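Dear colleague,

I am handing over a structure for you to look through, and below it I have written out what was found, step by step. Please keep the view open while you read, so that you can follow each part in turn.

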Amino acid sequence: MKNKIVNHFYVKTAKTNNKGLAPIYLRITVNGQRSEISTSIMVIPETWNKISERVTGRSEHARTINSKLSNLLTKVERAFLILDNNDEKMTARMLIQQIKGSKERKHGIIEVF
């Protein structure tokens, strides 16, 4: 089965804190189903470039953030390839769980009762 993935970074300005920093989120769309995950990176919204989906500037801080975002994308692509090799239909939630290293917990009969 052919799976398709689309990644998109964006700043959630609605969650701006009292220091003026807003979190960067990663939206992952797999086969038309999307899910969001926080990158745990905070930036000043004015320094965010929506087109390039990166922090503008050449400061050490901007380079560090952009490097972290690139590393996260690499991790997403690696997880996608691992799941895609199974030739099964995957979901965005499955991909996020693979990135975080957590698995869906399956309940046994004893745990249910």
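Where pLDDT is low, the predicted coordinates should not be read in detail.

Three strands form an open sheet in the order β1-β2-β3, and their pairing is antiparallel. At its edges lie β1 (5-11) and β3 (33-43), each of which pairs on one side only, and neighbouring strands are turned by 20 degrees against each other on average, if direction is ignored. Strands of a sheet pair through backbone hydrogen bonds, either parallel or antiparallel.

Looking at the pairs one by one, you will find that β1 is joined to strand β2 (residues 22-30) by 7 bridges, and that Val11 has Ile24 in β2 as its bridge partner. Between β2 and β3 there are 8 bridges, and here Tyr25 stands opposite Ser38 in β3. The hairpin of β2 and β3 has 2 residues between the strands, and in this hairpin Asn31 takes a positive phi near 55 degrees.

Now to the helices. Helix α1 (residues 60-84) packs with helix α2 (residues 92-100) at an angle of about 115 degrees, their axes being 9 Å apart, and the crossing in which α1 passes α2 is right-handed. Which residues of α1 meet α2? On the α1 side they are Lys75, Val76, Ala79, Phe80, Ile82 and Leu83, which meet Met94, Leu95, Gln98 and Ile99 in α2. Sorted by class, this contact has 8 nonpolar residues, 1 polar and 1 charged.

Finally, the structure holds 2 salt bridges. In one of them the side chains of Lys12 and Glu36 meet, at 3.6 Å from N to O. Because Lys12 lies in the loop between β1 and β2 while Glu36 lies in strand β3, this pair ties together parts that are 24 residues apart in sequence.

Terms used: Residues numbered from 1 in each chain as written. Predicted model: local features only at pLDDT ≥ 70, side-chain atom pairs only at ≥ 80, totals over all residues. Heavy atoms only, no water. Axes fitted to C-alpha atoms, helices over the stretch in contact; angles between N-to-C directions. Helix = DSSP H or I, 4+ residues; strand = E, 2+ residues; numbered from the N terminus. Left-handed = near helix turned anticlockwise from the far one by under 90°. Contact = heavy atoms within 4.5 Å. Nonpolar A, V, L, I, M, F, W, Y, C, P; charged D, E, K, R; others polar. Pairing = 2+ DSSP bridges. Salt bridge = Lys/Arg side-chain N within 4 Å of Asp/Glu carboxyl O.
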